[in-house]
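The following note was prepared for a colleague who works with the coordinates directly.

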Amino acid sequence: MFRLDELVHRLGGELIGDGALQVARVATLDQAGEGDLAFLANRKYLARLAQCRASAVIVAPDARGLTALPRIVTADPYVYFARVAQLFNPPVLPAAGVHPAACVEAAVPASASVAAGATIAAGASIGENVVIGPGCHIGRNVVIGDDTGLEAGVCIYHDCVLGARCLVHAGVVIGADGFGFARERDGSWVKIPQSGRVVIGDDVEIGANTTIDRGALDDTVIGDGVKLDNQIQIAHNVRIGAHTAVAGCVGIAGSTVIGARCMIGGQAGIIGHLHIVDDVVISAGTLVTKSIHRAGVYTANLPVQPHADWVRNFAHLRHLDALTDRLRALEQRLDKASSAD
Amino acid sequence: MFRLDELVHRLGGELIGDGALQVARVATLDQAGEGDLAFLANRKYLARLAQCRASAVIVAPDARGLTALPRIVTADPYVYFARVAQLFNPPVLPAAGVHPAACVEAAVPASASVAAGATIAAGASIGENVVIGPGCHIGRNVVIGDDTGLEAGVCIYHDCVLGARCLVHAGVVIGADGFGFARERDGSWVKIPQSGRVVIGDDVEIGANTTIDRGALDDTVIGDGVKLDNQIQIAHNVRIGAHTAVAGCVGIAGSTVIGARCMIGGQAGIIGHLHIVDDVVISAGTLVTKSIHRAGVYTANLPVQPHADWVRNFAHLRHLDALTDRLRALEQRLDKASSAD
Amino acid sequence: MFRLDELVHRLGGELIGDGALQVARVATLDQAGEGDLAFLANRKYLARLAQCRASAVIVAPDARGLTALPRIVTADPYVYFARVAQLFNPPVLPAAGVHPAACVEAAVPASASVAAGATIAAGASIGENVVIGPGCHIGRNVVIGDDTGLEAGVCIYHDCVLGARCLVHAGVVIGADGFGFARERDGSWVKIPQSGRVVIGDDVEIGANTTIDRGALDDTVIGDGVKLDNQIQIAHNVRIGAHTAVAGCVGIAGSTVIGARCMIGGQAGIIGHLHIVDDVVISAGTLVTKSIHRAGVYTANLPVQPHADWVRNFAHLRHLDALTDRLRALEQRLDKASSAD
């Protein structure tokens with residue numbers, strides 16, 4: 001429970017209405033009821049504001065006069081909502097200390113927490129307040145910054161570096177070998193040792209079962225504030241700029257460099273050795289096969305259709321070249337006919 | 001080894017031939033030999049029935065007279081085959097009891113089995129006959145229904161609920177944080193706490209390394225009898241109706257609602273905030289970008305081609321608009337020419 | 001540090017220049033400096049050879065006269081580089097022996113290494129020098145060949161077979177149940193027991209979080225020398241021929257057979273029950289929906305475009321059939337007009 005004036009004291013914003021009013025939860029405009037603090041993040045939901053049964057609401061300056069509810073006026077209601085939600089849902093941290101069923105071969109500060117079944121190899125450097133979940137494996141000489149948390153079953157290979165205040169979800173694998181082989185004439189493969197590292201900045205979140213491979217000679221680098229969803233695959237020597245967000249199931253092939261503040265949609269793919277500048281948005285399901293030199297939104301996906309329509313329309317895809325030839329032939333016939341007139 | 005009359009006694013169906021005949025395995029029509037029970041699930045394999053060397057066969061009523069082999073006649077031979085296969089291959093369950101190398105902070109019934117390296121946090125509720133595999137992690141206040149089994153290395157975050165008779169394969173992560181962030185003006189991200197749960201019904205099977213995120217405010221919900229293959233990503237607040245089956249590598253983005261009895265093909269993707277009704281079939285590799293309001297089959301994928309053909313045909317895809325303009329111009333020229341005649 | 005003559009003595013090739021020269025690392029032409037051994041693997045980088053500051057370089061016979069640096073001449077400089085890199089980066093193997101925090105119910109040779117938290121079930125057969133990482137689970141009757149290594153958290157289900165000299169990365173799941181269910185009339189599913197195994201050859205590398213399902217009746221088979229990247233899903237009864245390489249995020253559906261020496265690009269998908277011959281290359285992001293009977297390169301993906309262009313061009317995709325009809329109508333009008341002339 002927070003009083004509205006307490007929230008404004010902590011998070012800023014302008015309070016209109018009874019500061020002593022207490023709210024216990026955040027909720028959407030639709031679902032909010034007594035004791036809830038709702039938010040209007042998008043003017044297209046303005047109509048819902050009138051019916052809203054929240055006790056109070058967070059609004060942008062242009063909506064300050066559009067409700068009689070007690071309200072907090074702030075430039076970005078959605079960010080404000082996120083910060084209030086953080087206050088209402090503080091992380092539940094496990095007690096500090098090393099569980100007796102953990103196997104730790106490195107120094108761990110007293111403020112850190114190491115759960116049962118976790119293994120930490122020699123030479124690892126663990127920051128203050130770090131939380132290592134059950135069954136995690138931290139390889140030789142790994143560095144983990146202060147206040148970083150690893151959920152259950154995370155594996156970090158030797159020599160990798162993780163910044164401060166990161167959150168790594170269950171099943172993530174950081175620093176496995178990149179996919180690097182030289183091909184013999186008979187088609188067999190000779191492994192190229194992957195001697196680079198993965199170096200991850202501060203404030204990075206990594207979703208469940210995501211994998212980030214170590215570099216071949218140089219490092220794979222994930223910038224500060226990058227947010228990675230679940231089941232993303234990042235190949236060796238990829239570099240991702242600060243604050244870029246990547247949705248689930250994306251694959252990024254080797255040596256590709258992605259700028260800062262990009263947003264990559266779910267199931268998108270980016271082939272190797274490309275360069276994508278800052279502030280690029282890639283739509284879901286799009287395969288990027290060329291470097292992108294200008295900020296903007298890029299797309300390549302197919303419109304879903306009833307199966308019968310798809311069969312009818314997409315049969316022509318195999319014959320687009322022939323179709324274009326027929327069109328050109330017609331143009332020439334008409335041109336000829338015209339000039340003959 | 002089962003006698004045919006014993007099978008019919010347990011599973012129903014009409015027996016034609018020697019009920020004392022014993023069968024030891026199930027097999028396909030092609031591969032069956034002495035001692036095998038084969039099945040004809042599809043009339044297109046009818047020709048194989050004649051050559052079949054099985055000791056007996058399961059057939060539908062319309063094929064009852066098409067073989068002289070001892071046979072079981074049943075409405076759905078494939079379902080019958082599945083049930084016989086279950087009889088021949090009963091699950092091998094580990095002994096009940098908590099392994100001394102497990103770390104259990106909750107009550108576990110005597111009928112349950114908890115393997116080495118598993119951790120169960122305080123407040124968890126574990127049903128009768130539950131099997132928790134090696135290295136699994138069960139978070140605070142998780143509820144697991146009777147007869148549910150977890151293979152090795154499954155992680156269930158705090159407060160999530162799993163029904164009865166579920167089977168969860170290795171590496172599955174249930175209840176990791178949804179991918180929810182509010183964007184600051186400078187492009188950095190503020191985490192939105194994910195305070196919902198994952199609630200999974202009864203008789204659900206979840207394939208290896210699949211991930212199901214917890215909801216943001218409300219829950220993520222998986223209905224009874226849903227079958228999920230490997231490496232599926234289900235985002236926060238998704239709801240999947242009963243008996244829907246999802247093939248491998250599918251990604252379903254946040255807040256999308258999928259009906260009952262749907263079938264989603266491998267590597268399909270469904271973007272967020274959509275609504276898909278009951279009994280929809282999505283073809284493999286199809287990206288669904290719009291809600292689907294009518295049952296049926298939906299498709300959007302590209303015909304694979306030899307690379308040279310693809311280069312020739314798909315170059316035109318970038319210019320379809322221009323192509324259409326040229327076609328329209330031709331039509332107008334001809335119309336004009338006709339009216340001039 | 002290796003002398004050049006020592007390298008040539010071990011790995012072959014022709015030495016031109018001072019054999020006593022010592023090199024400490026391998027590096028690319030661009031990044032090499034004092035003490036580095038660079039390599040020219042592709043004539044398109046020939047210009048870089050002139051500026052190269054490496055101490056020595058590996059070149060093909062046709063480039064033997066194009067540099068004054070001490071050099072090793074060999075038919076395939078990239079393969080040679082890989083072998084030199086292996087010499088410079090020998091694997092760091094953990095000490096042999098079973099960690100006291102492992103739970104081992106099978107015989108393990110003295111040369112093998114079993115880490116903390118690993119579990120090995122009864123009946124498993126572990127080869128010489130095998131390394132089982134922390135938290136791995138080896139099921140009943142699993143066979144692991146000599147010199148194979150498993151990184152952390154690998155799970156191998158009962159009865160599966162892994163050859164010699166394999167490397168399995170963290171989070172891999174081998175032998176989970178294939179996705180096999182018979183559908184009841186009411187839409188519910190009856191599980192078909194998956195009683196086959198996964199059988200993996202020698203010299204196979206498997207990337208992090210990849211999953212390979214066990215067969216339904218027969219086995220899933222991965223040939224010798226196959227290289228699998230991260231997050232690949234291989235369904236039940238798939239068979240992959242020797243030395244085929246599969247990039248990240250690929251999904252291969254049930255019962256598909258892939259030949260030897262194929263290369264499958266990232267995020268490609270292959271539907272079930274297909275047959276793909278030897279020496280086929282599938283481009284990234286391509287969905288293969290038909291069998292491929294001839295070696296060669298196959299592609300089906302879309303050209304990425306700025307979003308506005310995509311909207312303009314791809315709207316026509318839904319109407320390709322109508323477009324073709326319009327073209328045909330024009331052709332007929334012109335033909336008619338011509339014959340009327």
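The points below take up conventions, symmetry, domains and salt bridges in turn.

1. Conventions. The model is predicted, and local features need pLDDT of at least 70, side-chain atom pairs count only at pLDDT 80 or more, while totals for chains, interfaces and linings use all residues. Residues are numbered from 1 along each chain as its sequence is written, chains are lettered from A and ligands numbered from 1 in the order in which they are written, and side-chain values use heavy atoms, with hydrogens and water left out.

2. Symmetry. Chain A is superposed on chain B by a rotation of 120° with 0.0 Å of shift along the axis, at an RMSD of 0.0 Å. This is the relation of a three-fold axis.

3. Domains. Chain A is assigned domain 1 (2–88), domain 2 (97–298) and domain 3 (307–340); such bounds come from an automatic or database domain assignment. The centres of domain 2 and domain 3 of chain A, taken over C-alpha atoms, are 48 Å apart.

4. Salt bridges overall. Over all chains, the search finds 51 salt bridges, each defined by a side-chain nitrogen of Lys or Arg within 4 Å of a carboxyl oxygen of Asp or Glu.

5. Arg83(A) and Glu184(B). These side chains form a salt bridge with an N to O distance of 2.4 Å. The pair joins two chains, because Arg83(A) belongs to helix α3 (residues 77–88) of chain A and Glu184(B) to the loop between β21 (181–183) and β22 (189–191) of chain B. Helices (H or I, at least four residues) and strands (E, at least two) are DSSP runs numbered from the N terminus. Arg83(A) is partly exposed at 31% relative accessibility, and Glu184(B) is partly exposed at 24%. Here buried means under 20% relative accessible area, exposed over 50%, and partly exposed in between (1.4 Å probe, protein chains only).

6. Lys191(B) and Glu205(A). The closest N and O atoms of this salt bridge are 2.9 Å apart. The pair crosses between chains, from strand β22 of chain B to strand β24 (residues 205–206) of chain A. Glu205(A) is buried, with a relative accessible area of 6%.

7. Asp278(B) and Arg261(B). This salt bridge has an N to O distance of 3.8 Å. Asp278(B) lies in the loop between β35 (275–276) and β36 (280–282) and Arg261(B) in that between β32 (257–258) and β33 (263–264), so the pair ties together parts of chain B that are 17 residues apart in sequence.

Definitions and conventions: Copies are superposed by least squares on the C-alpha atoms of residues with pLDDT of at least 70 in both.
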